[in-house]
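Student: I have a protein model open on my screen, and I would like to learn how to read it. Could you take me through it feature by feature?

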Amino acid sequence: MTAGHAAAPGAPGAADAARTESGEGRPLLNRRLAGFGTTIFAEMSALAVRTGAINLGQGFPDTDGPEEVREAAVRALRDGRGNQYPPGPGIPELRTAVAEHQQRFYGLRYDPDTEVLVTAGATEAIAASLLALVEPGDEVIALEPYYDSYAASIAMAGGTRVPVTLRPRDGAYHLDLDELRDAVTDRTRLLLLNTPHNPTGTVLRRDELAAVAELCVERDLLAVTDEVYEHLVFDGAHHPLASFPGMRERTVTISSSGKTFSFTGWKVGWVTGTPALVTAVRAAKQYLTFVSAGPFQYAVAEALALPDSYYTDLREGLRRRRDLLAGGLQEAGFAVHRPQGTYFITTDIRPLGATDGVAFCLALPERVGVVAVPTQVFYDHAAEGAPYVRFAFCKRESLLDEAVARLKRLAP
Ligand SMILES: *Cc1c(COP(=O)(O)O)cnc(C)c1O
């Protein structure tokens with residue numbers, strides 16, 4: 001998770017901006033966005049700076065991606081490629097590279113000209129998809145805890161968010177398929193599905209995805225899938241929902257270069273889907289940013305073509321760091337939910353004698369010099385998430401070692 005995300009309703013300070021009144025006493029922030037005023041990440045990062053704590057709150061790598069990819073961006077800038085508005089759907093080189101990537105890893109065929117759209121990160125792709133596909137009053141189902149841009153984007157689209165909660169059991173988080181089925185109503189327009197899942201690290205299994213696909217077909221739902229951690233699966237495998245029977249024609253698949261290539265600041269993302277779906281998403285996208293990241297698009301086109309060894313090394317490096325941090329957190333006394341994918345480990349603080357993740361995280365920098373994020377901000381039902389705290393492990397091993405040494409001072 002990156003900076004700049006709004007706290008979920010009910011999170012500390014969430015309603016601040018909504019409370020800011022203009023002269024007439026009318027809130028400045030409109031009703032759709034009331035409750036999305038401030039971000040827990042800004043607060044926690046400020047705390048990290050003030051206390052000199054190690055920041056395992058925000059999910060960005062502390063080491064840049066491959067040098068040859070960075071140099072490709074420099075070359076594009078110097079050669080004057082992408083310094084002016086690139087084509088609306090994205091440069092052809094990148095659209096072709098995205099299509100080849102989907103074919104190479106998943107056997108999914110997309111036409112680069114009509115079925116691929118380049119966006120300002122996955123964040124814009126998600127927002128544009130919801131703005132394009134959701135009518136005011138439509139219900140949108142999302143797995144809770146959820147990436148917090150979902151709540152804001154659903155709200156901006158005028159949709160109603162319907163959370164289906166992932167619950168911890170046997171050291172990991174699980175989707176209850178019956179609960180998902182029960183959440184579908186006649187007003188449900190789409191399912192916003194994130195796997196590998198931030199913040200829980202859950203990777204939906206093939207049989208679970210098959211059931212989700214069946215449900216979408218049976219109830220005639222659209223699916224928007226957030227697959228930004230597609231290459232960060234440590235146990236099991238990633239299966240795009242679009243690869244299941246009946247799903248290609250109803251799924252907007254979203255991914256991004258940020259997490260896969262460790263350049264989260266470039267904000268190059270993409271959408272794949274049928275021409276009708278991509279045209280719809282593009283209708284919204286063109287009035288959000290129109291285009292973005294011209295020279296970086298050339299660099300990401302090259303990055304996507306990196307050999308399999310790049311993707312394997314990325315995954316294995318993060319797997320090592322997951323194991324390092326998970327082991328350390330366990331020794332420090334946390335109950336650890338072992339993530340099957342992503343950058344994040346969610347822990348239960350109750351074995352440490354604490355129950356309120358927000359209070360725990362606010363005190364942690366002073367206590368031991370580490371910053372983490374209370375998972376509760378990713379829930380509609382804050383009480384469900386109260387005792388959970390998320391740590392990011394996309395950091396140098398030396399930094400994780402130091403964080404673990406500090407966290408061990410918590411051990412009862
Ligand atoms: C980081 C993240 C994003 C945002 O991706 P960008 O390409 O940086 O916009 C979207 N979804 C999830 C689940 C993320 O963790």
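Predicted model: local features only at pLDDT ≥ 70, side-chain atom pairs only at ≥ 80, totals over all residues.

Student: Where do the names of helices and strands come from?

Tutor: They are DSSP runs, numbered from the N terminus: helices are H or I with at least four residues, and strands are E with at least two. Helix α6, for instance, covers residues 149–156.

Student: Why is α6 said to be largely enclosed by the rest of the structure?

Tutor: Start with the word "buried": it means under 20% relative accessible area, while exposed means over 50% and partly exposed lies in between (1.4 Å probe, protein chains only). In α6, seven of the eight residues are buried, so the helix is largely enclosed by the rest of the structure. Those seven are Ser149, Tyr150, Ala151, Ala152, Ser153, Ile154 and Ala155.

Student: Which elements do the buried residues of α6 pack against?

Tutor: Packing is read from contacts, meaning heavy atoms within 4.5 Å. The partners are α5 (121–133) and the strands β3 (139–144), β4 (160–165), β7 (188–194) and β8 (222–226).

Student: How do I read the surroundings of the ligand?

Tutor: A residue is near a molecule if one of its heavy atoms lies within 4 Å of it. Around this ligand you will find Gly121, Ala122, Thr123, Tyr147, Asn194, Asn198, Asp226, Val228, Tyr229, Ser256, Lys259 and Lys267. Helix α5 gives the largest share of this shell, three residues.

Student: Which side chains have polar atoms at 2.7 Å from an oxygen atom of the ligand?

Tutor: A polar contact is a pair of N or O atoms within 3.5 Å. An N or O atom in the side chain of Tyr229 is 2.7 Å from a ligand oxygen atom, and a polar side-chain atom of Lys267 also lies 2.7 Å from an oxygen atom of the ligand. A nitrogen atom of the ligand is 2.5 Å from an N or O atom in the side chain of Asp226. The protein covers 99% of the 380 Å² of accessible area that the ligand has on its own (Shrake-Rupley method, 1.4 Å probe).

Student: What should I look for in the backbone angles?

Tutor: Most residues other than glycine have a negative phi, and most peptide bonds are trans. Here the peptide bond from Glu144 to Pro145 is cis, with omega near 0°, and Pro145 lies in the loop between β3 and α6. The bond from Asn198 to Pro199 is cis as well, with omega near 10°; Pro199 is in the loop between β7 and α8 (206–218).

Student: Which residues other than glycine have a positive phi near or about 55°?

Tutor: Look at Asp220, where phi is about 55°. Asp220 sits in the loop between α8 and β8 and counts as exposed because its relative accessibility is 57%. Then look at Lys267, with phi near 55°, in the loop between α9 (257–261) and β10 (268–272). At 36% relative accessible area, Lys267 is partly exposed. A glycine case is Gly158, which follows α6 and has a positive phi near 80°.

Student: Is Phe244 buried or exposed?

Tutor: Phe244 is buried, because its relative accessible area is 6%. Phe244 is found in the loop between β8 and β9 (251–256). Not counting residues up to four places away in sequence, Phe244 touches Arg206, Leu209, Ala210, Ala213 and His239.

Student: How far apart in space are Leu77 and Gly294?

Tutor: Their C-alpha atoms are 8.7 Å apart, although 217 residues separate them in sequence. Leu77 lies in helix α3 (residues 67–78). For a contrast in the numbers, take Ala42 and Glu218: they are 176 residues apart along the chain, and their C-alpha atoms are separated by 42 Å. Ala42 belongs to helix α2 (residues 40–51).

Note on methods. Residues numbered from 1 in each chain as written. Heavy atoms only, no water. Polar contact = N/O pair within 3.5 Å; in protein donor to acceptor, adjacent residues only side chain to side chain.
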